[in-house]
Amino acid sequence: MQNNHEEDVTSQIELELLLEAIFRQYGYDFRNYSRAHVKRRLYNRLRQHELASFSQLQHAILYDVTVFHEVLRDLSINVTEMFRDPAFYASLRAEVIPILKTYPYIKIWHAGCATGEEVYSFAILLMEEGLYERSQIYATDFNTDVLETAQKGIYPTSRMKEYTLNYQAAGGKESFSKYYTARYDAALFDPELKKNIVFAEHNLVTDSVFSEVNLIICRNVLIYFNRSLQNKVMELFAESLIKGGFLGLGTKENIMFSPVESLFKVLDAEQKIYQKKFV
Amino acid sequence: MNYHAIVIGSSAGGLQALKTIISGLSPHFKIPIIICQHRSPYSDSFMVQFLNELTPLLVKEADEKELITERHIYLAPPNFHLLVEEDFSLSLTVEEKVNFARPSIDVLFETAAEAYQHHLIGVILTGANHDGAKGMMYIQKKGGLTIAQNPATAEVPIMPQTAISSGCIDYVVNLEEIAELLNKLCKT
């Protein structure tokens, strides 16, 4: 019987081979994700399938695409809410929107939008600021299942109370209920809100520069990446922004110590809002 | 030295318990401590400031990808899970709540046990739910040392009691004596 340490080394090898297999077979690259998170999620998957090792899971993934899709869902981040961190939206409204208003046409990239709650939040904000009609929002994620949910714009009625409080704390100007129609347990958001949203598949890890945009919002995605991948994605963002464009990250993410740090100035240190310098 | 890190899990009544432990640590205490205290997603930095004033050690909220360092006490930020990576850095996630909690004690304990193996001490304190029991079992399985607050000295006994009942606890200790035990175990 192997001791604890040998077991761990073996399991480490198996995990690396599994991630390699997913990449080679399906093109999704999780090799540079934070390992502790990936390991936890895959352990849960092992238990559910009553498999004994990552090698067995690798076999299942390679030969059964439905198992792969389960794992893909495990490894994508689908927990979000409308106006998550209201202070972030309040700060966007105060610091960023007035400058965006000076452009005749604006492009916004919401990277890693998951099921779309934060995209609709931002669409509402743009509507209220009179900017929506001249905005184009690209909402992207690597997981097409969650994009489908986002596209529908239907969320549980049970969450509306919490979202209303978030909306108000974010400086909302209307009655939040005007943006959705509730029927039984489903709240359908006003289709007008998605008129200028394009939902598209894009993988931050393997795909390239998106397009020249005025604002990138990417919240609580980078925390799942290791430092080298974070740096790579940060460079992708810097390249995708116009000069003077804005970057909004999650409250625990920042561009400090990344190679692009010097290209940005800090607009709101606490809410992690940055502006790409003009020179 | 045998131990390289300590993880502490606490919930209802945790602030007082943490206060008692942290203020009882030796001023020369070296081993890093990582704390998962359940709290509201909207809580501010009060707890960090409060605890930081009790000790010459540095108490801070964990930053993502921060390297775990001696003489530091890290607190899980509200509304994030806190995980320990194999290179002994900290990472954060926003995945689903575990045991109705984010941060979850099990998530911290299990990942810390993976990283530190038998060089880890786990401490479970006062609380009203079952979070942490699985994590303590995992710490023991990896050869680490497990300590539960004596439920009789806990503001809410459920959490330490659950861990004790699962049979994975090495020491059941009165709250006032936990710091002393840690000082002894981690003496350099």
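# A walk through chains A and B

Start by selecting A:Q271, which is buried at a relative accessible area of 10% (buried means under 20%, exposed over 50% and partly exposed in between, with a 1.4 Å probe and protein chains only). This is a predicted model, in which local features need pLDDT of at least 70 and side-chain atom pairs pLDDT 80 or more, while totals for chains, interfaces and linings use all residues. Residues are numbered from 1 along each chain as written, chains are lettered from A and ligands numbered from 1 in written order, and side-chain values use heavy atoms, without hydrogens or water.

A:Q271 sits in the loop linking β9 (264-268) and β10 (273-276) of chain A (helices, H or I of at least four residues, and strands, E of at least two, are DSSP runs numbered from the N terminus). Show what surrounds A:Q271: leaving out residues up to four places away in sequence, it touches A:A87, A:F88, A:S91, A:L249 and A:T251 (contact is heavy atoms within 4.5 Å).

**Next stop: the largest pocket**

On a 1 Å grid over the protein atoms alone, a pocket is an open set of points with protein on both sides within 12 Å along at least five of seven lines, a cavity is a set where a 1.4 Å probe fits but cannot get out, and lining residues have an atom within 4 Å of a point.

In chain A, α5 (86-100), α8 (160-169) and α9 (227-240) each give two or more residues to the largest pocket's lining. The largest share, four residues, comes from α9(A). The largest pocket's volume is about 1300 Å³ (the space filled by probe spheres set on grid points, joined across faces, edges and corners). Colour the lining by class and you get 15 nonpolar, eleven polar and 19 charged residues (Ala, Val, Leu, Ile, Met, Phe, Trp, Tyr, Cys and Pro are nonpolar, Asp, Glu, Lys and Arg charged, the others, Gly among them, polar).

**Now A:N220**

Which residues of chain B does A:N220 contact? Beyond its neighbours within four places in sequence, A:N220 meets B:F80 and B:V94, along with A:I77, A:R84, A:G250 and A:E253. A:N220 lies in the loop between β7 (213-218) and α9 of chain A and is buried, at a relative accessible area of 4%.

**Inside: the cavity**

Keep A:I77 and select A:G112, A:C113, A:D141 and A:V221: these lie nearest the centre of the largest cavity, which 23 residues line. Searching the whole structure turns up one cavity of 30 Å³ or more, and the largest holds about 270 Å³ of space. Strands β1 (106-111) and β2 (135-141) of chain A each supply at least two lining residues. The lining counts eleven nonpolar, eight polar and four charged residues.

**Last stop: helix α2 of chain A**

Select residues 35-49 of chain A for helix α2. Its buried residues include A:R35, A:H37, A:L42 and A:L46. They pack against α1 (4-26), α3 (54-63) and α4 (65-75) of chain A, and against β5 (81-84), β6 (90-93) and α3 (105-116) of chain B. Just past the helix, A:E50 has a positive phi of about 55 degrees.

The second largest pocket has a volume of about 590 Å³. Among its 29 lining residues, A:Y43, A:L46, B:E114, B:Y138 and B:K141 are closest to the centre. Of the elements, α2(A) contributes the most to this lining, eight residues.

Conventions:
Expected span 1.5 Å × (residues − 1).
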